[in-house]
Amino acid sequence: MEPFTERVVEIIKNIPEGKVMTYGQIATLAGSPRGSRQVVRVLHTLSEKYKLPWHRVINSKGEISIVDYESRNLQKVFLESEGVKFTSSNTINLNEFQYH
């Protein structure tokens, strides 16, 4: 596994319950500030293998980025079950729920 990928996996594994991180935030912490799309690739290919809490990763606007309706709803249900609240515009307040 590439060093960047290893760091991304470790960062995602350590997002605590009830908190979220953004793709860009993870990429920056893993050493590649412009590597948001690579974070998406890691989530897509390695979430199951490493039992990553994929649902705790959102975009920088505080939104769920998944387009597929069923998966999008599943992510929202998982987050809400951990105590993450959504605003009336279906976003997450990053000031309150973002993990640093």
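**Close-up 1. Asn59 and its polar partners.** In this predicted model, a polar atom of the Asn59 side chain sits 2.9 Å from the backbone nitrogen of Lys61. The side chain of Asn59 also has a polar contact of 3.3 Å with the side chain of Ser65. (A polar contact here is a pair of N or O atoms within 3.5 Å; within protein, one has to be able to donate a hydrogen and the other to accept it, and residues adjacent in sequence count only if both atoms are side-chain atoms.) Asn59 belongs to the loop between β2 and α4 (69–81). Helices (H or I, at least four residues) and strands (E, at least two) are DSSP runs, numbered from the N terminus.

**Close-up 2. The surroundings of Asn59.** Asn59 has a relative accessible area of 16%, so it counts as buried. (Buried is under 20% relative accessible area, exposed is over 50%, and partly exposed is in between, with a 1.4 Å probe and protein chains only.) Leaving aside residues up to four places away in sequence, Asn59 touches Thr22, Tyr23 and Ser65. Contact means heavy atoms within 4.5 Å.

**Close-up 3. Where α1 meets α3.** Helix α1 (residues 3–13) packs against helix α3 (residues 36–46) at about 70 degrees, and their axes are 10 Å apart. (Axes are lines fitted to C-alpha atoms, for helices over the stretch in contact; angles run from 0 to 180 degrees between N-to-C directions.) That makes α1 and α3 roughly perpendicular, a label for angles of 65 to 115 degrees. On the α1 side you'll find Phe4, Thr5, Val8, Val9 and Ile12, which meet Gln38, Val39, Arg41, Val42, Leu43 and Leu46 of α3. By class, this contact has 8 nonpolar, 2 polar and 1 charged residues. (Ala, Val, Leu, Ile, Met, Phe, Trp, Tyr, Cys and Pro count as nonpolar, Asp, Glu, Lys and Arg as charged, and the others, Gly among them, as polar.)

**Close-up 4. The buried side of α3.** Val39, Val42, Leu43 and Leu46 are the buried residues of α3. They cover an arc of only 105 degrees around the axis, so they lie on the same side of α3. (The arc is that of the directions from the helix axis to the C-beta atoms.) Over on the other side of α3, Arg37 and His44 are exposed. The cover over the buried residues of α3 includes α1, α2 and β2.

**Notes.** Residues are numbered from 1 along each chain as its sequence is written, and side-chain values use heavy atoms, with hydrogens and water left out. Local features need pLDDT of at least 70 and side-chain atom pairs count only at pLDDT 80 or more, while totals for chains, interfaces and linings use all residues.

Conventions:
Angles under 35 degrees count as roughly parallel, over 145 as roughly antiparallel, 65 to 115 as roughly perpendicular and the rest as oblique.
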